[in-house]
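Good morning. Please have a look at the structure first.

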Amino acid sequence: MSVQPIIIIGSGLAGYTVAREFRKLDTETSILIISADHGGFYSKPMLSNALATGKTPASILNASSEKMAEQLKMTIRPYSRVSAIDPSSKTVTLQGGEKLVYSKLVLAMGADPIRLPLEGEGAEDILSVNDLDDYQRLRDALEGKKDVTILGAGLIGCEFANDLTMAGYRVRVIDISPQPLGRLLPQAGGAFMQRKLEAAGVVFYLGAATRYVERIHESLRLTLANGEIIQTDIVLSAVGLRPRTALAQAAGIAINRGISVNRSLQTCYEDIYALGDCAEVEGRVLPFVMPIMHAARGLAATLAQTLTAVRYPAMPVLVKTPSCPAVVSPPDTSFQGEWLVEEDENGVKALFKSAEDKLLGYALLGASTKEKNALAAHLPAVME
Ligand code: FAD
């Protein structure tokens, strides 16, 4: 047994799931989680679905850091930020200068919301929601307000649009793409989602780019590239996430879009691993819950001494838009094939098939979502 702990940087789903899976295999080795935030455990996907049902940050939090430490028999250092990693001495340095030695290091540092390079002093008032503290800030900002404009009609943008509308806010969504969920849905699926969200009250500005954000008293004024002006109380940005790689890069750990790891989630240093939103596993950045669960199980086995390659089955993603239930399993970009679409007023069933009639991906909306499990059984694994 090693005297130095396994150190995990990050207390999100990735950090906690690997700790939990590891404890099933090894009850002795010490584990230390270092987290820049409160260190409590919560389900992040709930954040884009919480306003309409009146969920507060306190009701979303499943367990405090103290409770997690007790449950998993480990140490947690909340509100502690790692400022440097030194692979040669196997130490991490905390902001403030304290150095800690690890036997193995797990990077589970998540991703940062992308901020559009917008002009105007109002740009700094734009909110984004990527953790529980952000959700509290959004709730505070919404106090007494009626009108929200969302930048980005992707998964998170559409989920917030639906949730805010159901919570009684007037919602506009701006996206440069001509359809919502442009990266996940074929055109017919995007159009169906748009119709359903519009019926719920959302107003879309598609094929539109935001240029300036000005602060006018209590509100913000957006100017679009076509000159159109939108006056709004709050701007919420949901234009995507960028893996947190700076700390790894400064330590000489290879990065690409995310922290580069092999199938065993190992970086270019033998004792340093990465998973979750910060990681790129053999070229794939998969910032979703299911890949984290699979990666955490594999990494726990590796940390408990058996080098284990991660395997990803097909992992369809549920879009949490109650006005338009949807499930998507986008085809890998390397696949050749075409979308075959059946649609009526109740739903869209879009199957991405190869020339040999093999199912390679799907997008199911409305009533067609009932076929999600039966069809998923025919999808190829994401990584065998
Ligand atoms: P995070 O949860 O971001 O955790 C990162 C941790 O690292 C944090 O504790 C942070 O404080 C810590 N940290 C970072 N840098 C440092 C440092 N230098 N020192 C110390 N600590 C540090 N996925 C789905 O599959 N389905 C969904 O429906 C879904 N809905 C979503 C809705 C929203 C609003 C969002 C934002 C995401 C959603 N996702 C969904 C994605 C999913 O929630 C994420 O993939 C997952 O939660 C990421 O977990 P993580 O542990 O990798 O990162």
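I will go through the annotated domain, then the ring pairs, then the charges over rings.

Keep in mind that this is a predicted model. An unreviewed UniProt entry lists residues 6-284 as "domain: FAD/NAD(P)-binding".

Now the rings. How many aromatic pairs does a search of the whole structure find? The search finds 2. One is Tyr16 with Phe41, which is edge-to-face, with 5.6 Å from centre to centre and 90° between the planes. Tyr16 is in helix α1, residues 13-25, and Phe41 is in strand β3, residues 41-42, so this pair ties together parts that are 25 residues apart in sequence.

Tyr16 has 0% relative accessibility, so Tyr16 counts as buried. Phe41 has 14%, so Phe41 is buried too.

Next come Trp339 and Phe352. Their ring centres are 5.3 Å apart and their planes are at 70°, so this pair is also edge-to-face. Trp339 lies in strand β24, residues 338-344, and Phe352 in strand β25, residues 347-353. The two residues are 13 apart. Trp339 is partly exposed, at 25%, whereas Phe352 is buried, at 9%.

Last, the charges. Phe41 comes up again here: Arg20 lies over the face of its ring, 5.1 Å from the centre. Elsewhere, the charged end of Lys146 sits over the ring of Tyr169, 5.5 Å from the ring centre.

Key:
Residues numbered from 1 in each chain as written. Predicted model: local features only at pLDDT ≥ 70, side-chain atom pairs only at ≥ 80, totals over all residues. Heavy atoms only, no water. UniProt positions renumbered as here; feature names shortened; annotations may be inferred. Phe/Tyr/Trp six-rings, centres within 6.5 Å; stacked < 30°, edge-to-face > 60°. Helix = DSSP H or I, 4+ residues; strand = E, 2+ residues; numbered from the N terminus. Buried < 20%, exposed > 50% of the residue type's maximum accessible area, 1.4 Å probe, protein only. Lys NZ or Arg CZ within 6 Å of the ring centre and 35° of its normal.
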